[in-house]
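Could you walk me through this structure? I'd like to hear about its pockets and its aromatic rings.

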Amino acid sequence: MLKDYFEVPNKPAIKSGNILSCDFTDHETFIPQPLDYSRGTIATYVDCNGLIKMSGISDTELVTNGDFATDSDWTKEAGWTISEGTANFSGGTGNRAMYQAVGITNGKTYKIQYKVSSISSGQVAVRFGGMSGVGEITATTIGIYTGYITATGSANGNIYIEDNDNNFVGSIDNVSVKEVDVETPRIDYTTEIGKAKELQKPSLLLEPQSTNRITFSEDLSNNWTTANTTVTTNQITSPDGTLTADLLQGTSTSSCIIEPSGLSLTTGVTYTYSVFVKKGNNRWIRLGHIQSSVTGCWFDLDNGVVGTVNSESATIEEFGNNWYRITNTFVATSTTTNNSAFIGICNDNGSTNAGVIGQNVYIWGAMVEQQAFATSYIPTSGSTVTRNQDLASNAGQLGVFNDEEGVLYAEIAALADDSTFRSISINADSTRNDQIMIRYRTNSNIINFFIRDGGSVTFNNNVTVQDITEYHKVALKYKNGDIACWVDGEEKIISTATGMPSGLSRLGFVLEGASVDPFVGKVREVKVFRRALTDSELQELTNNIV
């Protein structure tokens, strides 16, 4: 019998930077193997407390005296003062700044955050010196402001707080600069929200490239157009744990909507609109494109369910603290920027009217992306933002794997049934001549098991599952004349085929190399055994009973 290690859910094999576990001497001792991982852009994940976080943020604070506890460490130009724990500007002519050296490195990405404690006029901006007008994080109201800036060759190593329009009057506090490692793997807990920590089973999140086309995803007062609605910013705690969620309130009994300004879509292309919502005093909300009768979806915030769907699909997902993420996947019917992606307050399922003046909901984290499904949240604050594809490969080395026999095991879920190849494979080299592979195929709800020896396919069989977006425990046992495919505790395929690969030296979440048919989905666990397990061991390993 296998040890309980395989069944204890709070001991996943996946750890940041060590994705593959390889079996060595006793077939029950697994040694983590380092993985080559790349993304090159910022990306979010959900932590064990259900909060949306940015991956790879350093614990090291680069700003000294960012809370302005003392009148020191900052160079202040005319008009700036430090007193009573805030930095203050009283207006004046010419843009004036206060600054300090923070030791930034060109080409690296940084998280900048600050709090506007008071503001009576004008606007303030925080930026890196030498990068005026590039990546500035501006504020016109009180609240906490966050941005991510990649330092360019013109950056001079200073952080600047600047009167941005010759008319700022106000105070700021808690200025922070932290480096972000954009190559950090994301260990995500989205499916574990609300579970006791000892029962949580996080996943390595591997997503395709995607762009949030909404330029202000959190500030609905900036570059959004309202119709019979008002926006009050920074009213309650958002799903990322900060006071940044806005209140959207209707001012009419008829249609009350808000939409991102200037959003142009391409006719015939599929998009997914997503937003985090929380009930104020209104139960129903809708997402639509152009006309609700053709593209609209309704959502019940009392019961957390999807109502009428007049588009390709819609989802609602609970995020704790009465927050939901709602999505509408639709095919664009026009390139017009009017009503291209609107949020509407409504009084009932299928209704386009608010019914009562003063109905409201809380809104945060809006996205429109050219995908047939919603991906992880991409924050924006003044421009569109692209998150690159996650790529993970080259774990292990020659001698780690047994060419003659073994088992490749994984617990995986697809992000969507999107008819693409998504692979996990052990290879000898980049030629694909020798490999062991488990993958999603282009066919709907198919898991494919594949073996190639010296360029010849010796085994290629499919197993149909009910839903590949649900987690499945799958295993491919390989040995000359003794091949078996197991899914969720059941042996699905047996074969006496011969011809095993040789020279196996690396595992990756790809077909081979660094980017061919990359795995897109969630991975709870991957293990490679150096022997062909028995039927009872494979049944226990892949048993999907929770």
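Strand β27 gives the most to the lining of the second largest pocket, supplying four residues. Keep in mind as you look around that this is a predicted model. You'll find β27 at residues 313-318, and β4 (44-46), β23 and β28 (323-331) also each supply at least two residues of that lining.

How is empty space like this found? Rolling a probe the size of a water molecule over the atoms shows where it is left. The second largest pocket comes out at a volume of about 910 Å³. Its lining counts 32 residues, and to get your bearings, look for Thr 190, Glu 317, Ala 374, Leu 415 and Lys 522, which lie nearest the centre.

Now for the rings. The whole structure holds 14 aromatic pairs. One to pick out is Phe 276 with Tyr 377, an edge-to-face pair with 6.1 Å from centre to centre and 85° between the planes. This pair links distant parts of the chain, 101 residues apart: Phe 276 sits in strand β23 (residues 270-279), while Tyr 377 is in the loop between β30 (360-369) and β31 (385-387). Are these two buried or exposed? Both Phe 276 and Tyr 377 are buried.

Elsewhere, rings meet charges. Arg 127 lies over the face of Tyr 160, 4.7 Å from the ring centre. Arg 439 lies over the face of Phe 450, at 5.2 Å from the centre of that ring.

Methods. Residues are numbered from 1 along each chain as its sequence is written. This is a predicted model: local features need pLDDT of at least 70, side-chain atom pairs count only at pLDDT 80 or more; totals for chains, interfaces and linings use all residues. Side-chain values use heavy atoms; hydrogens and water are left out. Rings of Phe, Tyr and Trp (its six-membered ring) pair if their centres lie within 6.5 Å; planes under 30 degrees apart count as stacked, over 60 as edge-to-face and the rest as tilted. Buried means under 20% relative accessible area, exposed over 50%, partly exposed in between (1.4 Å probe, protein chains only). A charge sits over a ring if NZ of Lys or CZ of Arg is within 6 Å of the ring centre and within 35 degrees of the ring normal. On a 1 Å grid over the protein atoms alone, a cavity is a set of points where a 1.4 Å probe fits but cannot get out, and a pocket is an open set with protein on both sides within 12 Å along at least five of seven lines; lining residues have an atom within 4 Å of a point. Grid points are joined across faces, edges and corners, and a volume is the space filled by probe spheres set on the points.
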